[in-house]
Amino acid sequence: MWFFARDPVRDFPFELSPEAPEGSPPGPWVLHRGRKKATGSLVSIFVYDVKPGAEEQTQVAKAAFKRLKTLRHPNILAYIDGLETEKCLHVVTEAVTPLGMYLKARVDAGGLKEQELSWGLHQIVKALSFLVNDCNLIHNNVCMAAVFVDRAGEWKLGGLDYMYSAQGNGGGPPRKGIPELEQYDPPELTDNSGRAVREKWSADMWRLGCLIWEVFNGPLPRATALRNPGKIPKSLVPHYCELVGANPKVRPNPARFLQNCQAPGGFMNNRFVETNLFLEEIQIKEPTEKQKFFQELSKSLDSFPEDFCRHKVLPQLLTAFEFGNAGAVVLTPLFKVGKFLSAEEYQQKIIPVVVKMFSSTDRAMRIRLLQQMEQFIQYLDEPTVNTQIFPHVVHGFLDTNPAIREQTVKSMLLLAPKLNEANLNMELMKHFARLQAKDEQGPIRCNTTVCLGKIGSYLSASTRHRVLTSAFSRATKDPFAPSRVAGVLGFAATHNFYSMNDCAHKILPVLCGLTVDPEKSVRDQAFKAIRSFLSKLESVSEDPTQLAEVEKDVHAASSPGMGGAAASWAGWAVTGVSSLTSKFIRAHPMATQAETNVPQRPMPEGHPAPAPTPLSATSTTSDRWETQEDKDTTEDSSTADRWDDEDWGSLEEAESVLAQQDDWSTRGQASIAGQVSPPEHKSPESDWSNWEAEGSWEQGWQEPSSPEPPPEGTRLASEYNWGGPESNDKGDPFAALSVRSSTQDRSRPSWHGKSVRTGGGRWRPNAQRRRQPRAP
């Protein structure tokens, strides 16, 4: 029976990379790249081949093997596994690169920043302090070849071949016999008289001075070059001179050297070192300290090395969220670090955390996720969005916090391309219908209209036909002026989804009603949209063969490619309204009780009329000004614009830009962002609970009744001097008209008068309305 000896190298769980050795530092070891056979994770493997007649070197290598295996410290090269045979020694450590090679590679890429060098030297000095003060060991080999750098940019002290005990146990220091290493020995070692008095750390601190010189100036040619600091920073020069002083007695202890360098104005007193020191002790920090640290971390990440952010900051952020209850405060730095990851790494490390965060009930976390969705949406696949993200996000539509509702609406622009048929065309449309009809915040109703116009191309053809016309028509009747502008721009942005019959019978009548809107910005957009639709109708009238080409998208399936025009029609005009919403909430926490610039509903007979609200004493603007003759007529039908009393800053600038813009789409954007008008308090009579049960966006267009006579005192259009000169104090004739004036009640059944429920499940205006006598 035959027995075969097992090869220990073949059975070793690690294997060498087929690439050439990564480096051969002075000494017996050769450094190779390697990987773990089971997982493929990268490691470094130090290999020593036993040679005949080199017993002394073999003993040095075995001693280094033993030291590295027993010493554990964050700043000392981490031992993973090892193999010792008669022919070789294998020492497996964390994946590292020799410092010399690392510095050379970084010089080619622009060089290391001073803060990175300060933290690297801090780690080496801390390792020496551990060896000397805690272990009573002398490293005896501090030089460039004994320092390694891991993937996070952390410096590790290795090269333990010639270490010995400071207490004299086991004899004196071993003989090196390598000239490249002996040039770092201090001058007192050549004094055979024994009169030199020194501390146990004196020799290692001299070698540390040599290392500092080489880091900033390159390889050390000879010991006399240490007299010239060269490129060593000025803040480090005084402490460097202490290290390379001729008197070994005055060389500082490693612990005291760190204290001196970390003093105010010192070389190691910077934000990068402070951040690393905090991360090393984060597990014992108080929760308030962690919160403050993560809040300030985002500001510093831009100046930190990419490898440091990926491999040191990111694991700490994930741990803080997973086990430290850090909450929403980790989101901003987490997504900032995520920019440095590849798509595969992002899927593995960030996405699972994001999915878990969406299920949180913490409002601060939810709103931050919505605000920063643009940074991670590209890494979410459709099944994850529809099954794990969207079901949690839709709760934001029902949140009592207006800021969360608004951010939820905005997030739909990013989620819509990834939603399935049921979520997009059914669930989302129901929430949008409810928001547009019932939300008491005007900016949120405006945002809903804007978002619907932008995602129109993703909707199915049947949903577009059922929803878009009704939704934008409703927006044009909103008491909030930017919502009316958004409705007009929504029609124009989605013009290719309407048939010619819809343009003529449903859309143009709505737009024509806005040509007498009290807000000049609404009128301007209405005229431009009317001209656009009329031009389209006229072209088809001149050449009926164009009808098929013009209506090719009406029944087309949803297509992301058709969203290009809609994506830019308002330039996310909701952005300007977003800041408006937060200010509105702060200034008017009870939005339902806020005063409006829209008159109240006409009261039925037998009810006392509401008292008029006095006008605010604010200066009039160029697009909303009144004549003295119109004030008596409109005093009862329009209230003071209290928002003019607020300091809106950029909003006022947006209004000035609005008057100068020519392009209708960009002008509409500024209008939405710049117009400020508080929402009307709508009674439950005008609300729709959902678009399926009560009509909502399916309300359709109704033929307007004959207009009522204007209120007494209203001047006819023919009475104005349209051609002759007028003084500048004469107002805009349209400014006297209100969006809630009785002349528009008949044509806007959804928003006026006392409504009654009809058998068809839709709201109809009360037909018995008091008529006012025509003015003589």
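# Aromatic rings and helices

Biologist: Which residues form one aromatic cluster with Phe272?
Modeller: This is a predicted model, in which local features need pLDDT of at least 70 and side-chain atom pairs count only at pLDDT 80 or more, while totals for chains, interfaces and linings use all residues. Residues are numbered from 1 along each chain as its sequence is written, and side-chain values use heavy atoms, with hydrogens and water left out. Rings of Phe, Tyr and Trp (its six-membered ring) pair if their centres lie within 6.5 Å, and planes under 30 degrees apart count as stacked, over 60 as edge-to-face and the rest as tilted. The residues that form one aromatic cluster with Phe272 are Phe304 and Phe308.

Biologist: What is the angle between the planes of phenylalanine 397 and phenylalanine 432?
Modeller: Searching the whole structure gives 16 aromatic pairs. Phenylalanine 397 and phenylalanine 432 form an edge-to-face pair, with 6.0 Å from centre to centre and an angle between the planes of 90°.

Biologist: How many residues apart are phenylalanine 397 and phenylalanine 432?
Modeller: Helices here are DSSP runs (H or I, at least four residues), numbered from the N terminus. Phenylalanine 397 is in the loop between α16 (382–393) and α17 (402–415), whereas phenylalanine 432 is in helix α18 (residues 421–438). The pair therefore links distant parts of the chain, and its separation in residues is 35.

Biologist: Is phenylalanine 432 buried or exposed?
Modeller: Buried means under 20% relative accessible area, exposed over 50%, and partly exposed in between, with a 1.4 Å probe and protein chains only. Because its relative accessibility is 0%, phenylalanine 432 counts as buried.

Biologist: Which residues is threonine 448 in contact with, leaving aside neighbours within four places in sequence?
Modeller: Threonine 448 is in helix α19 (residues 442–455), and at 1% relative accessibility this threonine counts as buried. Contact means heavy atoms within 4.5 Å. Leaving aside neighbours within four places in sequence, the contacts of threonine 448 are Val409, Phe432, Leu435 and Gln436.

Biologist: Which helices are included in what covers the buried residues of α10?
Modeller: The buried residues of α10 include Phe293, Phe294 and Leu297. What covers the buried residues of this helix includes α9 (271–280), α11 (306–323) and α12 (331–338).

Note on methods
Helix = DSSP H or I, 4+ residues; strand = E, 2+ residues; numbered from the N terminus.
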